[in-house]
Amino acid sequence: MLVRNPYFPSQVTRYRLAPDVVDVLAFCTKNPAPMLLYMEEIAAFRQFWFVTITPYGKEIEPNVPDYRRVMESFRQLSDIVGHKAISWRYDPIFITERYTLAYHKEIFAEMAETLQGYTDQVVISFVDLYSKTIRNFPEVREVTAEERAEIGQFLARIGQQYGMTVRSCVEGTDLAQYGVDVSGCMTKSILERAVGTELAVPKTKNPRQACDCLLGHDIGVYNTCGHFCRYCYANYDKQAVIENMKRHNPDSPFLIGGFQEEDQITEAKQVAYGTGQMVLEW
């Protein structure tokens, strides 16, 4: 896999995708259905999946399948990888005239009941007002502290009812008093539990302030998701996405495009941290 530096495109890093140097393949998606056909091809890899399922309409998430269809795909995926290796994400949470606190409460409870037994964790976060988000979603507003407390308390209670730990993602510690786990959503212990083995990862400081997740190597590319969610901060504009998607070549080691004359390719330093030592259940 060859990955361009998003800020210096001629700087390219080569990664070897092989189980002996890749401890975990971590996937983040709003629609795992297309991957279900290829799970046997990646069965040799240990995996962890984040699947975002939100009950918003086409005016917010134009190309995301209906949340009921995504939940069905989630359950099929869970049957393959196991409930410890898959987490539901209910984010971002925002409040509008249509998507009220009452709406979130009702629909979250319905979804949690449907996903009961297929995961034991759900990650929540509130909409971040990045400049790109405000440009594409001008009517969005910040969720107030009072609203966060009310919804956080409710979601924690529903999660407990259906056997799910509710975790927050970069939301501080305010929700801890209601039973929300604020220690991080993809921490070392979460990944160790997902893959069933200890990961002897050297301690490094996460450059993302207030984030306690275990960082690896991101091989994704900005401006490549055709879901066109209005709150998205990974797409700069729709036209750039359309042009990039046209440049995708399944036979290329790049996600978008191919080699260029000015490319400076560096081999990634890859070290496996799995010790083979089993981890205790928690």
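Let me start with a term: a residue is buried when its relative accessible area is under 20%, exposed when that area is over 50%, and partly exposed in between, with a 1.4 Å probe and protein chains only.

Hello everyone, and a word on the source before I go on. This is a predicted model, in which local features need pLDDT of at least 70 and side-chain atom pairs count only at pLDDT 80 or more, while totals for chains, interfaces and linings use all residues. Residues are numbered from 1 along each chain as its sequence is written, and side-chain values use heavy atoms, with hydrogens and water left out.

Back to S168, then. S168 sits in strand β7, residues 165–168; strands here are DSSP runs of E with at least two residues, helices are runs of H or I with at least four, and both are numbered from the N terminus. What does S168 touch? Leaving aside residues up to four places away in sequence, S168 touches I124, V180, D181 and V182, where contact means heavy atoms within 4.5 Å.

Now to the sheet with β1 in it. This is an open sheet of 3 strands in the order β1-β2-β8, and its pairing is mixed. Strands β1 and β8 are at the edges with a single partner strand each, so one side of each has no neighbour in the sheet. Strand β1 pairs with β2, residues 11–14, in the antiparallel sense over 3 bridges; two strands pair if DSSP finds at least two bridges between them. One detail you can look up: L2 has R14 in β2 as its bridge partner.

On to charges. Side chains of opposite charge can pair when their charged atoms come close. A salt bridge here is a side-chain nitrogen of Lys or Arg within 4 Å of a carboxyl oxygen of Asp or Glu, and the count by this rule is 17.

One of them joins R4 and D263, at 2.7 Å from N to O. R4 is in strand β1, residues 2–4, and D263 is in the loop between α6 (238–246) and β8 (264–267), so this pair ties together parts 259 residues apart in sequence. Both R4 and D263 are buried.

Another links D120 and R193, whose closest N and O atoms are 2.4 Å apart. D120 lies in the loop between α2 (101–115) and β6 (121–126) and R193 in helix α5, residues 188–195, so here the parts tied together are 73 residues apart in sequence. Both D120 and R193 are buried.

Finally, R16 and D20 form a salt bridge at 3.1 Å, N to O. Is R16 buried or partly exposed? R16 counts as partly exposed, at 43% relative accessibility.
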